[in-house]
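User: I am new to this structure. Please take me through it, and tell me what stands behind each term.

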Protein chains: 2
Amino acid sequence: MPQARFTLHGIALSGPTYKVGLMLALCGERFAYRHVDLREGTHKTPQFLALNRYGQVPALVDGDLRLCQSGAILQYLSETLGKFGGDDTLARQRNREWLFWDADRFSPNVYRSRAIARGFFKAEPPTAAVYREGAEVAFKVLDDSLAGGKFLTGAAPTIADIACYGVAVFADEGGFKLADWPNVAAWAGRVAALPGVKPPYELLPMADIP
Amino acid sequence: MPQARFTLHGIALSGPTYKVGLMLALCGERFAYRHVDLREGTHKTPQFLALNRYGQVPALVDGDLRLCQSGAILQYLSETLGKFGGDDTLARQRNREWLFWDADRFSPNVYRSRAIARGFFKAEPPTAAVYREGAEVAFKVLDDSLAGGKFLTGAAPTIADIACYGVAVFADEGGFKLADWPNVAAWAGRVAALPGVKPPYELLPMADIP
């Protein structure tokens, strides 16, 4: 079997790592995978900082290119692979509007709520409430936006759906019930049914994939 | 004088609105400006939601296109105007990595700290501390990254600098001193000296510009 083009560095517990792995899986791209042990501080070593100057997971290596920030990686992959990027200027713009909305309003509130629920992040109750309320507002925005269509920007899935699905899939770990937002629940079911999609802990192990 | 190509909708108090106005000014693009009165709830009216489905400022109108999310707008403008976007794939990628880092780590922590300091957002002290500490970590990342270069991604300013400058410029309102991060302070001085740059409340008034 030929060597994989891409090497993904991350951890299965990380939503942003999952988003990139999911994109590669949906594109039918086999990839090598390097488990980054956050507890051991691997993401702060000089070796990892050479891959991702922010010291965050994930990082993606494509030949000589070292890529980071899941939203930016999704944009890059949609361009270099010609998939899930939308067909024209308007579609590309709508996609990236969702990517930035996700980075601003959806991911941080849901992931932080999950980190608090799982004990990865210590927060006083009023702080936890700020994140929880932010997440609930974001789920409502998503639900309203999905009232009219199968996917976020039209009839076909794009990187906007991949990014937001990579958040929604962790909702239960944050103490949210997707069923509270019926359009979101139905859309998540449609994304989950796409060829190549696996749940987070099936897609990525807590170990390397050669 | 011919009608301006672009119409920016926003409020001078908004960092993301400033980022877009700054980009247009740096590109030498005259623009019409519509003041959006957040206290009056103008951003939640059907008219505004038709411009920006998220009900947030800013929104930018370019002919038939209605654009939102400042990071996505900066990407769009760099492409359509051919300015501040970087010269090749790697430069474009580095730019968007900074845009997403900003959306995730820099803007929310600095803007929220500023909103708390100015009384726009009520938060308990432990919550305020989470945002303050997040902002301080982000300023440190920015400072370290600027140790080696004049601008974030090289010798010339790009949308990465414009986005992050649109945060740093509000540091003092959040109770931060840029002088605590000397590389950031020097870089901010370089951005401020670029042709077309004005401080937030000089660039945009609390009223329409025809």
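Analyst: Start with touching: two residues are in contact if they have heavy atoms within 4.5 Å. This is a predicted model, in which local features need pLDDT of at least 70 and side-chain atom pairs count only at pLDDT 80 or more, while totals for chains, interfaces and linings use all residues. Residues are numbered from 1 along each chain as its sequence is written, chains are lettered from A and ligands numbered from 1 in the order in which they are written, and side-chain values use heavy atoms, with hydrogens and water left out.

User: What does A:His43 touch, leaving out residues up to four places away in sequence?

Analyst: A:His43 touches A:Val36, A:Leu38, A:Phe48, A:Leu49 and A:Gly55. A:His43 itself sits in the loop between strand S2 (31-35) and helix H2 (46-49) of chain A. Helices are DSSP runs of H or I with at least four residues; strands are E runs of at least two, and both are numbered from the N terminus.

User: Why is A:His43 called buried?

Analyst: Buried means under 20% relative accessible area, exposed means over 50%, and partly exposed lies in between (1.4 Å probe, protein chains only). A:His43 has 15%, so A:His43 counts as buried.

User: What makes A:Arg190 partly exposed?

Analyst: Its relative accessibility is 27%, so A:Arg190 falls in the partly exposed class. A:Arg190 belongs to helix H7 of chain A. Beyond four places in sequence, A:Arg190 touches A:Gly149, A:Lys150 and A:Phe151.

User: Which residues of helix H7 (residues 182-192) of chain A are buried?

Analyst: A:Val184, A:Trp187, A:Ala188 and A:Val191 are buried there. They span an arc of only 105° around the axis, so they lie on the same side of H7(A). The arc is taken from the directions from the helix axis to the C-beta atoms. The cover over these buried residues includes helix H5 (125-145) and helix H6 (159-168) of chain A.

User: Why is B:Asn95 called buried?

Analyst: B:Asn95 has a relative accessible area of 2%, so B:Asn95 counts as buried. B:Asn95 lies in helix H4 (residues 89-118) of chain B. B:Ala163 is 68 residues away along the chain, and its C-alpha atom is 9.8 Å from that of B:Asn95.

User: How do helix H1 (residues 15-26) and helix H3 (residues 70-81) of chain B pack, and at what angle?

Analyst: H1(B) and H3(B) pack at about 10°, with axes 9 Å apart. That angle makes H1(B) roughly parallel to H3(B). The classes are: under 35 degrees roughly parallel, over 145 roughly antiparallel, 65 to 115 roughly perpendicular, the rest oblique. Axes are lines fitted to C-alpha atoms, for helices over the stretch in contact, and angles run from 0 to 180 degrees between N-to-C directions.

User: Which residues meet between H1(B) and H3(B)?

Analyst: From H1(B) come B:Pro16, B:Lys19, B:Val20, B:Met23 and B:Leu24. From H3(B) come B:Ser70, B:Ile73, B:Leu74, B:Leu77 and B:Ser78.

User: What makes two strands of chain A a pair, taking S3 (residues 59-62) and S4 (residues 65-68)?

Analyst: A pair needs at least two bridges found by DSSP. S3(A) and S4(A) have 4 bridges and run antiparallel. One bridge partner of A:Asp62 in S4(A) is A:Leu65. The two strands form a hairpin with 2 residues between them, and A:Gly63 in the turn has a positive phi of about 65°.

User: In what order do the strands of chain A's open sheet stand?

Analyst: The order of the 4 strands is S2-S1-S3-S4, with mixed pairing. S2 and S4 of chain A are at the edges with a single partner strand each, so one side of each has no neighbour in the sheet. From one strand to the next, the twist averages 20°. Strand S1 (residues 6-10) of chain A is joined to S3(A) by 4 bridges, running antiparallel. A:His9 has A:Ala59 as its bridge partner in S3(A).

User: In what order do the strands of chain B's open sheet stand?

Analyst: In chain B, 4 strands stand in the order S2-S1-S3-S4, and the pairing is mixed. Strand S2 (31-35) and strand S4 (65-68) of chain B are the edges, each with a single partner strand, so one side of each is without a neighbour in the sheet. Strand S1 (residues 6-10) of chain B pairs with S2(B) in the parallel sense over 5 bridges. B:Thr7 stands opposite B:Ala32 in S2(B). H1(B) lies across S1, S2 and strand S3 (59-62) of chain B, at about 160° to S1(B).
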